[in-house]
Each structure stands twice: as structure tokens, then as C-alpha cells.
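Hi everyone, thanks for coming. Please have a look at the structure on the screen, and I'll walk you through a few spots in it.

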Amino acid sequence: FKEAAGQRKMCGIAVIVSGIKIVLSSLDPNFIPPIPLLEQQTLFSVDDIKEVLRRRGPDSLGCKKVLLRSGVSSLPGGEQDVVAFVEDETPREGKDSHMDGGAAKEFIRELQFIGATLQLRGINPIIQPLVDISGNILVYNGEIFGGIQMSSDNNDTEVLMQHLGLCCPHVSSPHNKAHTSGDRQCTVPELLSRIKGPWALIYWQSSSRILWFGRDAFGRRSLLVHWPTKEDPRFLLSSVSPHASVNESSESANGDGIAKIDFWEELPCGVYSLSIGALGTDDYLIGEVLKHDWTDPKLKELITWERTSVQPKSEDLCASHQKVYSRKEDSPLTPSILMESKLASTDCLLTSLPHRVMIALQESIMRRTALNTIYQATSVDYTNKCNTPVAVLFSGGLDSMILAALLDKCMNAKYEIDLLNVSFDGPFAPDRISARAGLKELQKIAPSRRWKLVEIDADLLKLTSETKHVMSLINPARTYMDLNIGIALWLAASGDGCLQDETGNDDTCGSVKYKSAARILLVGAGADEQCAGYGRHRTKYRNGSWLGLNDEMKLDMQRIWKRNLGRDDRCIADNGKEARFPFLDEDVIRILLDIPLWEIADLNQPIGIGDKKILREVAHLLGLSEAASLPKRAIQFGSRIARESNRKNFGSNRAANQASAGSVTIHRNNS
């Protein structure tokens, strides 16, 4: 995986754009641009943003400013133009000013970039924001697993900066004919469309005065946006919201009257540009926001999420049932067979559908955990002390067991693997019971590996300050379900719990305090959406058969960025850990879409058999026969935080169900 061999890091990124009148007519025709204020009272300061980003990137924090000043153009006519200056965050004494009707108005027209870095590899630390000799500025939170050629000594952000610097300095359009040396220059949207892997990005293209920003097509990295309002006319982007902006909203006029708008929104997936022009007729700098289409044909095909084989014939179902029976007779694959299977010819036995999925998942995990991409750290002390570079968010269920078993095949046996399990009911939570059983099954198939089940116990009633903190992390999500999931993820990612004795016995007397030092956390997000793991999938199948099921799965995948991934990324990264989602690798998504739907799931079969059928067959191939039959349990139910939350906030589970607690909005005074 040479392309995946670059240096990795996780970052918190932000930009604050002040003193510019933002135009959103292409995104929202009803948007009325607020006027930049001379002196504005804001909910939070730049230092507040730095504080929350620092938790995501504790190794370094950097800040750069672009100051925009009006001046006289050198073009004929001597019209006013805008000149950009890049400087460090040291405050300037003066402010820019212009005249209006004889009265001086002073505005700070600037873009302030902030980057906080968690260094996962590399002897020489990379401090963001990066600035090149042309004055371009980049803050980047992501990995490049393909699309841009990388070598083992490359840093993802530096290589991306070099490629961005070669892009044509124009907003892309069908009429853009920019050429260099006879070949059309790549545009920024074209370059970003090629990247395989998760990313969120903010990039200042100095020569064109364009601010580019966006997140990958599946939204695997968080990026929040604050569109300007009368109360706060700044334009803001940030990986996470400061505490002071939780539950804040403003009123906005539209064609239907007055609407409440949250301060922060999840930025929809895509590439955007903010083009800063010259002074307008009202003497305000104008910034126009546009959204750009993805240009890579393969990526566009993926995000439409069209499956060629949806509705089976009766003979297809009969053949599928016969294949399932024969697959269960297969022997578990040895590590050597797994590693060599990529080289096998297409007519080999290993080209069966479960094998194809398994190999794609293994390669996805290898890309995300190869030791030459994550294990070197910025300090010698960390390398010496940490023998556990990767952990798994672990319930002992089907998805996390597959991830753990495949991770074992991707890493040398000398490294330990932490299995992070959270419970709000001690040893009695379903996820704790299945995690202990799963540990024994993993020890059986991989006895040479030291598996460490980290049992993280919590009492929701004692988590008052922690709950308020997680409320800021899940923002702009604000339901009890989001909060419950967020707290469980946040605690699990902390890795702060206890280890049982080496044999995995249930006796708690042998437990010792332990905090996982792993900075990479594998998460099973995307498995249920793509393999029909949710209860609503069975309901849709009953009501609308195969077409109804396919439509619901497509809807889940096209909204996963908004419902799940931004929230999950923020809650996990707050611990200085990076979440990686093997099931959401582009190649895994492609292979699952190429498989007929009735081979992915058969919801005529009982729970624990027909749902996520393809993954259950993968588990059998890995020797995980017990995990292969486990039913789906969401983390809020498996950890029992939902039960404790219902008792705390509604008095009982019954009262919560009557109130539809999962969709009830949280108010600040409820926390």
C-alpha cells in the first residue's frame, strides 16, 4: 500500500472570516447578507475555539492571519482593489478604514486560520496552518489513501499543499479553459475529488483571493459552519463548536415568516469556494459562496449509491440459500491464505462474495493501521512506552469482532490490541457480556496476540460536567439519543478503565486500572447502513419488499454524514484519538454495491441470520462462529446508557417511550 504510506496526523481546524459581507444567493436565494459590524459582541473568542481544537490536536497549535486591505489598483483607471497580507497571530495596532459620507469607519477585514495537530507519525513535527512561498494557506484534517501519489517519507498535508499550489487560480466552471504548457490546469474541486480517504479542509488560494473549504463525499471528518447572522456576521468554520455556542440560535426572515436557525450547522459534504471581490457599491468587501460538483466519475457513481441487482428472482434466492449452506462448511482462513489471496487468480475459490468482502475490509484496515503510517511518534518516550498503537471500539458484536479479527491479521503479533468497552450497568450490560465472550473467541482464533479488554464503567448520574461537555461536542445535534451515543463514544474513546486478569475470567477481583495509549480507534460505522442491520430495514422490507429496503439503505448512506459521522468524529477526537471507519472505505463501499442485495441481507430470515448476512458469512470465515449469530444492538442500548438516561430525564423507560425520547430535543437547563 505505497500510496497509504505517508505521514499521518489528525487535526482540529478552523477559520474565522471577519469584516466581509457574505453572499449565499447560490445556496439560499432567501439569504439576506448581514452588514459587518464595527464592534461586535460575539458568543465566544478565538481563544475559545483554540481551546476545543487543542483537545483534538494536543501536540501543536498554530494560527495565521490574512489581512485584507483596500488600495489603488495598478490597472488603468486606478480603481480600488484588495491586497492580502499573511502574518502570524501577533495582534496589530492599527485597523483598516475607509470613508463613507465623511465619517471614518474602521473594519477588521481578515481571515484567521487555526490548526491543532495530533501527530501520529513522523520525527519532524508538522505544525499547521501550512503557508507556502506564494502565500497560500492550508489547514487539513484527513488522510490520503489514494488518488495522489505518496511515498513512505511524505506527509499528507505537505503533499496536498504542493498539489493545491499547482491548481489554476480560478473558480472552476464548464467554461474554464485555463491551460499550462498546453494542458489544462487541474482545478481545486478536481484535485479534491480524486482523494481517497477521509478529509476536511480549509485552503486560502492567495492569487485568486478564494477561500476553498469542504469535507469528503461521505462526511467522515467533522466540519461545522456558521453562516453570518445579524447577531454574529462573521463566517466561521470549525471542526467542533466552542462550549459557549451550544444551543444558541438566531431568527431569520424567509418567505414563510420567521425561522429559528442554529448557530452551527453540519457543513454538507462537498467542495465550496468563498471568492472575495473588490469593494462593493456600499464600500463593503463582498464574498460570494459557491458549491462545486464532484468531478471524479467513480466518486460520483459511489455517492449516488445505485445497486444494479436489487430484486431477486425465485431461483436467485434458492441459489443464495445453497451457497450459504456450503460456505458454512468452509474452514476458517489462515493468515497466510488471507495475505496471499489478493494475488489469487479470478477463478480461485477465494473469489466468492464473502471472501471478496473480507479481503476488501482487510485491505481497508491495513491502509488505516499499517505501522509505518502510525507507529512512529513525535517523542521517543511515547514510542518506547506504547506497545498498543491501535484500539477497537468494542462491544463484542458482529462488526467489532470482524474488525478485531482482521486487525490481528494486519499487525505483528508483538503488538497488543486494546478492546474498548463501555458499560453503564457494570458486568450486566449486554455489551459487557458479549465483549467478555468475544474476548474469549478472539483468544481462541489468535492465541499469540495479547488482547486487552478495557472495561470502562460509568454512572450517568455522576457525569454532570461531562454531560455538558459532550453536549458541546454533539452540537448541532441535540436529541437525547445523540447525547446518549455521544457520551458512550466519548467515554469509550478515553480508554480509561480496568483490565481483567489475563485469562479473561469474569472475576472482577483481579482488575487493575488501565488507560489505553492507542491513538487510532477503529469504529464499525457504516456496517449497518450498508448491510441492512437496523430494525427499520426489516420494517421497510415488510412494507415495500426489496425495493423499499434498497431505498431505505440508500437514504441511510446519503445522510450518514449528518446523522452519525460528524458527531462520532467530534466525540472520539476530543480525547486526542482518531476514529477510522474501515467499513466506509471507498473500495469496501464499491464491492458491497456490486453484490446483489439478496446476498447482502435476506430479511425473510430471522434476526441474527438474515440481517447483515454477508458479514455473518465473513465472521464464519474468520472462525467467529459465536459472533456470527449475534443480533444487532446499538451502543446506547448495549451499554445501557439509554435506560439510565430515560430514568434520569423521564422517570422510567415507559415514560420515555411515550415521549419518543430518542427524538426529544435537549434544552440547556435539562443537562
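Let me begin with a definition: a charge sits over a ring if NZ of Lys or CZ of Arg is within 6 Å of the ring centre and within 35 degrees of the ring normal. With that in hand, look at R234, which lies over the face of F44 at 5.4 Å from the ring centre. R536 lies over the face of Y534, at 4.3 Å from the ring centre.

Now, some background. This is a predicted model, where local features need pLDDT of at least 70, side-chain atom pairs count only at pLDDT 80 or more, and totals for chains, interfaces and linings use all residues. Residues are numbered from 1 along each chain as its sequence is written, and side-chain values use heavy atoms, with hydrogens and water left out.

How confident is the predictor? The pLDDT (its confidence in each residue, from 0 to 100) has a mean of 83 for the protein chain, and 77% of the residues reach 70 or more. Over residues 1–6, though, pLDDT is below 50, and over residues 90–105 it stays under 50. Where pLDDT is low, the predicted coordinates should not be read in detail.

On to aromatic pairs. Rings of Phe, Tyr and Trp (its six-membered ring) pair if their centres lie within 6.5 Å; planes under 30 degrees apart are stacked, over 60 edge-to-face, and the rest tilted. The whole structure has nine such pairs. One of them is F263 with W264, edge-to-face, with 5.4 Å between centres and 70 degrees between planes.

Are these two buried or exposed? Buried means under 20% relative accessible area, exposed over 50%, and partly exposed in between, with a 1.4 Å probe and protein chains only. F263 is buried at 9%, and W264 is buried at 1%.

Y480 and F650 also pair edge-to-face, at 5.4 Å and 70 degrees. This pair links distant parts of the chain, 170 residues apart: Y480 is in helix α13 (residues 480–494) and F650 in helix α20 (residues 641–650). Helices here are DSSP runs of H or I with at least four residues, strands are runs of E with at least two, and both are numbered from the N terminus. Y480 is buried at 7% relative accessibility, while F650 is partly exposed at 23%.

One more aromatic stop: F213, W227, F235 and Y272 form one cluster.

Key:
pLDDT = per-residue confidence, 0-100. Contact = heavy atoms within 4.5 Å.
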